[in-house]
Amino acid sequence: MTEIIQEKALHVLIDSLISEGKTVGGPVAGTNHRYMYAKVQSADEMLVNPPAMPMNSIKEFVFPRRETLYTFRYDGKDLSLTDAPAFEETQVLFGVRPCDAVANQILDPLFAWDYNDKFFQSRRERTTVVTLACKTIDDHCFCTSLGFGPESSIGADAMLLDLGNGEYEVRTFTDKGKSLFAGKTEQSDKAGCAAATLEIKFDAQAVTEYLREHFDDPIWSETSLRCVGCGACTYVCPTCHCFDIIEEGNSNAGSRVKTWDTCQFALFTHHASGHNPRRDQSQRQRNRIQHKFRIYPDKFGLILCTGCGNCTRECSTSLGVRPVLQYIAAKAKGLQPAS
Amino acid sequence: MTDNIYKPDLMEVIDVTQQTVDVKSVKIRFRDAERAKDFSFRVGQFGLYSVFGYGESTFNICSSSNWHDHIEFCFRKTGRVTEQMWKVNPGDTIGFRGSYGNSYPTQAWEGKDLIFVGGGIAMPPIRCAIWFALENREKYGKITIVYGARTVGDLVYKNELKEWAKHPDVEVLSTVDPGGETPDWSGKVGFVPTVLKEANIDCGNAVALVVGPPIMIKFSLPVLAEQGMKDANIYTSLENRMKCGLGKCGRCNCGPFYVCKEGPVFTLEQLKLLPDDY
């Protein structure tokens, strides 16, 4: 027997969460047949099962684009600092791709590395993630190459599987997921779901091994030639976590703010002296790939990539990481890959 | 929110000294007496210093860890934050986060001769170690300080150089690049590596701390190597651009090493394992 929920009941659930004051997010339709994860005001706005991949990731809900760390104010010469209000919302996200859910879990050790980043952690604790098993995939997907898959439950509190006819099978994995769907589902003998299958596109382990030995290597200039350095790949990436700390306001009152940043910009590592360790795009590309596939695994035992394919999907030159990884994996096998 | 790792402590500026035309050193102490009591650091560590409304910059803590009533840092006026830091006066309030990073292994250095080699604005990260060693004088052997700058006007902590030279068994060799001397300059004229070569140093039982511009480091290392100094006994302090200092913002890494957490202090032996990413 399986637990199922009808689409109508799902909408009722979403609307009741919103009326309880919870923040509910999920895929919404944008312009040009594109979809994005965003906060919704009613279930009607959300497409739990959109026909194409959302452009962004749910990173926005646990690690917002901008987040105030604290504010400062001068009263004459007296300066006071005030903490940003604690995050007290409860967030429930629906229609999340399994690869996006995985990302939150991959980021956990970083934000707990010796110093706990309560900003990330409090949002993480207060967020329930309901994934939708992928029924369709596209050319850019490569989650299976990283050991995940269209039905991966890592980082998810519950998962919906599309049974067709407006019915979803509900699988719950955590207490948060169980309590969300408690009393909302019905028993059914409909079983199974045709989640998509996806062939493994490269050997991720071989990539990591190759990167350890090839910091200085022609691959970086070869693969970065078509990179324009816009940084879009890092903003749509569910695991890219690099940030800047900036000042908003003026010298009398303002806030210190954490904002997304990207390793693809030259200023990212530009020293005050004028020296820049990563002055070329190839060095910045190298850092991105090395960080994801070698440095992070060496530090935390996890590859900083989920195989979602967003970076290639949104790249104006269709680069992103996958073509580079396939190139490296072929090199690692001793093949001469086509660039 | 409690435990906000990004929120600085408020510090009272107690003294500002102009060291060169564009370098100042600043003494600060915690406004919160309780925090001051809890605070400790190790020489070689760094902090992030805030001018509110402008931003944060990263500097070494250049005072000795034995000085409990205040900490010091030194900066060059070069950007948005340091332009404002330049205008700070005693009595003003700035922000401080730290201390962060690893430190000089002062215990492992005990019983050894110490060779300090610095250039220009890189004196502050050496100064903290010099004072620490002088305050624990019996634990260390001969101390040699080779410090150079482009011109006499670019030397920082000039008065302290004289003071250090008064200590027993301490040799201070200050030098300026050819053309950088003034008529009353009594120090040496020449580049740091040359002066280091002529110095009477014995690398047999010594460690060296070499901090300065890349060109100075590049030519000083072979001098030490010729004298038989092992890579594992040569230390340096790296600087890389930082925002958080906490291992999270993702920009200060040299290959797999985060300068803010696994640095800033590295031995030459470790440095040779680092990729060319700094």
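I began by counting elements: chain A has 11 helices and 12 strands. I noted at the outset that this is a predicted model.

Next I checked the overall dimensions of chain A. Its C-alpha atoms occupy a box of roughly 70 × 65 × 40 Å along the principal axes. I then compared the radius of gyration with the globule rule: for 339 residues a compact globule would be near 20 Å, and chain A has 21 Å, so the two agree. Of those 339 residues, 44% count as buried. I also looked at sequence separation: among contacts in chain A between residues at least 6 apart, 69% join residues at least 24 apart.

Then I traced the sheet. I found an open sheet of 8 strands in chain A, with mixed pairing and the order β3-β2-β6-β7-β8-β9-β1-β10. Its edges are β3 (35-40) and β10 (186-188) of chain A, each pairing on one side only. On average, neighbouring strands are turned by 35 degrees against each other, direction ignored. Helix α1 (residues 7-19) of chain A packs on this sheet, where it touches β1 (2-6), β2 (23-29), β6 and β9 (167-172) of chain A. The direction of α1(A) makes about 75 degrees with that of β1(A).

I zoomed in on one strand pair. Strands β6 (residues 91-96) and β7 (residues 127-132) of chain A run parallel and are joined by 4 bridges. Within this pair, Val96(A) stands opposite Thr131(A) of β7(A).

How do the axes of α6(A) and α9(A) cross? They come within 9 Å and cross at roughly 95 degrees, with α6 spanning residues 204-213 of chain A. Since 65 to 115 degrees counts as roughly perpendicular, that is the label for α6(A) against α9(A). From α6(A), the contact uses Val207(A), Thr208(A), Leu211(A) and Arg212(A). From α9(A) come Ile289(A), Gln290(A), Phe293(A), Arg294(A) and Pro297(A). I sorted this contact by class and got 5 nonpolar, 2 polar and 2 charged residues.

Last, I turned to the partner chain. The contact takes 40 residues from chain A and 33 residues from chain B. On the chain A side, the elements giving two or more residues are β4 (66-75), β5 (78-83), α3 (98-111), β11 (243-249), β12 (253-260) and α9 (281-300). Which element gives the most to that side? I found that β11(A) does, with 5 residues. By class, the side of chain A that touches chain B has 20 nonpolar, 10 polar and 10 charged residues.

Key: Residues numbered from 1 in each chain as written. Chains lettered and ligands numbered in written order. Predicted model: local features only at pLDDT ≥ 70, side-chain atom pairs only at ≥ 80, totals over all residues. Contact = placed C-beta atoms within 7 Å. Nonpolar A, V, L, I, M, F, W, Y, C, P; charged D, E, K, R; others polar. Pairing = 2+ DSSP bridges. Axes fitted to C-alpha atoms, helices over the stretch in contact; angles between N-to-C directions. Rg over C-alpha atoms; globule rule 2.2 N^0.38 Å. Buried ≥ 20, exposed ≤ 12 C-beta atoms within 10 Å, placed from the backbone. Parallel < 35°, antiparallel > 145°, perpendicular 65-115°, else oblique.
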